[in-house]
Amino acid sequence: MNKNTTESYFTFMMKPLDLGFTQLRNRTVMGSMHTGLEESWNGYAKLAGFYEERARGGVALIVTGGISPTFRGRLSLFASQLSIFFQVYKHRKVVRAVHDNDAKICLQILHAGRYAYHPFAVAPSAIKSPISPFSPKALTDRQIRKLIKAYVNTANLARKAGYDGVEIMGSEGYLINQFVCSNTNKRTDQWGGAFENRIRFSLEIIRSIREAVGQNFIIIYRLSMLDLHKEGSDWAEVVQHARAVEDAGATLINTGIGWHEVRIPTIASVVPEAGFTWVTRKLKQSVSIPLITSNRINSPELVEGCLQRGEADMVSMARPFLADSQFVHKAKKNQSHLINKCIACNQGCLDRIFKLQRATCMVNPRAAYEADYPLTGAGRTKNIVVVGLGVAGLSCAYHAAMRGHKVTAYDAGNLGGQFVLAAEIPGKEVYWDTIRYFEAQLSVLNVEVRRNHKVVFEELRDSYADAIVFATGVTPRLPDIPGIDHFSVIDYETAINNKTAIKNKVAIIGAGGIGFDVAEMLVAPDGSDADSDWYRRWGIDKHYRNRGGLLDEDVNHKPERTVYLLQRKDEKLGKHLARTTGWIRRLTLKRAGVNMLSDLSYEKIDDYGLHIRHKGKPETLAVDNVIICAGQQSDDVLYRQLNDIGQPVHVIGGAKKAAELDAETAIREGMELAYDF
Ligand code: NAP
């Protein structure tokens, strides 16, 4: 990294932002991220620890997870609400922890509207959302006025709790956004009809809060700058709304992209890095208050790029601060390579939240568990041997070394294991950063790493190590199908490592996470225009000629390959994929014309292709290659041998349980075991 880069990191980190009455020490915002601690027993004490670590890590401003101003506005029945004075006390713990570390914190006020996942939902009109089974009741005029007072009440309570401000959630399709757009607002009174009427609700909320809290309180308005649906705002309306928000008394405008119900990815790893900052930049000339940009920004280089190009005044990152609480400090010290980058997988954070579990982070399982896994050294330094450096082994070696143990780690090949294969899938290239991160940390922590070293029984038989950890991973399972040894058959590892050798007609046996990965790899558009083409493929118009920023035409990418994705079970393919990203994967394959077949059995493989019995009828898929993605088997032979002779062995990750193993479990198991030493 050259000297100029060092200087420019320093420049953007140190350039404070003056909001008229308060200075933010740098330009980074930790965006709103619900953790689930908000609703759990003693959760606010843990939440204080979670935010404290991020404030200590140098972030300027933190926005809390969404808190409802009313019961009906809660996202789920037991979700958080701030409307009664006694609730202020628990918030004070959080505020104090952040202020003691010289950062600022705003409470996000979020009313779910028709996204409320309970039968008491309300909305501008009684129109059900496609992503909720509950029909909302239409708010009456009196209820709307009462609701505005409820927002003010919550803002007042936030001020009493010591928060520096509030963020009003006006985007992503939640209540305020439902007022703004005509698809969800069919009212004929002063809150519906013309655009001026539809934005009245948001403006009344801002005006009333400003009047109640005075000038020295931050009001951030999260404005939906790109609705991504056909009845969304057009660009002139976005500008009109933004100017009115400024006039109503907002301090900052944050960028909101898309609605949760819209089937266009906005934050997943397939979205180009910093893929929506162009929207914030487009608004920059039209308002005079500072703008915050967001979505898929996960490195100091991207933050700096946005700021230097004048795309925004501040940059918001939510998941990247889960992945690495010390993001800002490391950036300031020019240690970008030591940052644990968010890989936008959503597995540890949003997918868990949807399952009503506590959020954490796949690449940093300490996130939101700071109190359970403190950054303290182990009492006595032990000698730990780690065999296998996939992500389970890497995590264990890293956490053990971080706690002061002497770690020696081996891998028969290079670092990363199955994660290396994932990183080869288009849209998952960022997974390399996790391997890069662990590798850099092991080097800093003086872990002795021996690559290309296949450990054998004799080496460890007489070892005096305090613990030997087997993270030896998995091998692909080859199912028992006649003709499985036919030359056209390859396992997924070989397929991913030899993409170019795969022919044009392909059948994939097994439609789990890896079957989908391989299918996506086979139909991905190649060439250097893949990134710019991404917007076109998802129907996004960067020129913003239509409402919602959508393109006129439906663009389907039809690859040359014929691909069959197969499973025996009689259920929709991809049913068990993750909630927040599974739909993207299914849609990608559907648009690319992948034939997804279920309810079948495999008869044989021969020169004619793959013979199956589909819904009871025989069929021959005339394919040139059959790729096996039928799960894995644990590679645990050495572990069992050493266990038998009484060595202090442990097994984690795929070597422990191949079935349904995922990287999140593997990395977490690595950390948990390291904390046991
Ligand atoms: P998997 O999810 O268990 O899927 C295995 C597939 O193979 C299933 O579709 C199964 O369907 C089929 N199968 C199993 N045994 C078979 C047999 N004997 N003969 C023929 N077909 C058989 O395993 P995976 O796809 O290898 O993934 C491994 C782990 O990595 C999973 O936990 C997965 O979630 C995770 N992963 C996640 C992602 C992600 O993006 N989040 C990506 C890749 C992997 P039928 O039995 O119905 O045929």
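**Notebook: buried residues, rings and a ligand**

Entry 1: Ser 269. I looked up Ser 269 and found a relative accessible area of 13%, so Ser 269 is buried. The cut-off I needed here is that buried means under 20%. I note that the model is a predicted one. Ser 269 sits in the loop between strand 10 and helix 9. What lies 2.9 Å from a polar atom of the side chain of Ser 269? I found the backbone oxygen of Gly 427 there.

Entry 2: Thr 251. Next I went to the loop between helix 8 (235–248) and strand 10 (252–257), where Thr 251 is found. Is Thr 251 buried or exposed? Its relative accessible area is 9%, so I wrote down buried. The side chain of Thr 251 has a polar contact with the side chain of Arg 210, at 3.0 Å.

Entry 3: Gly 305. I placed Gly 305 in helix 10, residues 300–308. Its relative accessibility is 13%, so Gly 305 counts as buried. I also checked its C-alpha atom against that of Ala 274. The distance is 9.4 Å, and the residues are 31 apart along the chain.

Entry 4: positive phi. I reminded myself that most residues other than glycine have a negative phi. Asn 295 is not a glycine, yet its phi is positive, about 80 degrees. I found Asn 295 in the loop between strand 11 (291–293) and helix 10. With 10% relative accessibility, Asn 295 counts as buried. Lys 615 also has a positive phi, near 50 degrees, and is a residue other than glycine. Lys 615 has its place in the loop between strand 23 (609–614) and strand 24 (617–621). Is Lys 615 buried or exposed? I read 52% relative accessibility, so Lys 615 counts as exposed. The cut-off for exposed is over 50%.

Entry 5: aromatic pairs. How many aromatic pairs are there? The count comes to 21. I looked up the pair Tyr 115 and Tyr 174: the ring centres are 5.5 Å apart and the planes stand at 80 degrees, so this pair is edge-to-face. The cut-off for that label is over 60 degrees. Tyr 115 has 7% relative accessibility, so I listed Tyr 115 as buried. Tyr 174 is buried as well, with a relative accessible area of 10%.

Then I looked up Trp 278 and Tyr 535, an edge-to-face aromatic pair with 6.5 Å from centre to centre and 85 degrees between the planes. Trp 278 lies in helix 9 (residues 277–284) and Tyr 535 in helix 20 (residues 530–537), so the pair ties together parts 257 residues apart in sequence. Both Trp 278 and Tyr 535 are buried. Which residues do ring pairs link into a cluster here? I noted Phe 276, Trp 278, Trp 534, Tyr 535 and Trp 538.

Entry 6: charges over rings. I came back to Tyr 535 and found the charged end of Lys 542 over its ring, 4.3 Å from the centre. Arg 263 has its charged end over the ring of Trp 583, 4.5 Å from the centre of that ring.

I then checked atom by atom. Lys 428 has a polar side-chain atom 2.9 Å from an oxygen atom of the ligand. Arg 477 has a polar side-chain atom 3.1 Å from a nitrogen atom of the ligand. At Ile 514, a backbone N or O atom lies 2.9 Å from a ligand oxygen atom. How much of the ligand does the protein cover? On its own the ligand has 890 Å² of accessible area, and the protein covers 77% of that.

Methods
Residues are numbered from 1 along each chain as its sequence is written. This is a predicted model: local features need pLDDT of at least 70, side-chain atom pairs count only at pLDDT 80 or more; totals for chains, interfaces and linings use all residues. Side-chain values use heavy atoms; hydrogens and water are left out. Rings of Phe, Tyr and Trp (its six-membered ring) pair if their centres lie within 6.5 Å; planes under 30 degrees apart count as stacked, over 60 as edge-to-face and the rest as tilted. Buried means under 20% relative accessible area, exposed over 50%, partly exposed in between (1.4 Å probe, protein chains only). Helices (H or I, at least four residues) and strands (E, at least two) are DSSP runs, numbered from the N terminus. A charge sits over a ring if NZ of Lys or CZ of Arg is within 6 Å of the ring centre and within 35 degrees of the ring normal. A polar contact is a pair of N or O atoms within 3.5 Å; within protein, one must be able to donate a hydrogen and the other to accept it, and residues adjacent in sequence count only if both atoms are side-chain atoms. Accessible areas come from the Shrake-Rupley method with a 1.4 Å probe; for residues, only the protein chains shown count as cover.
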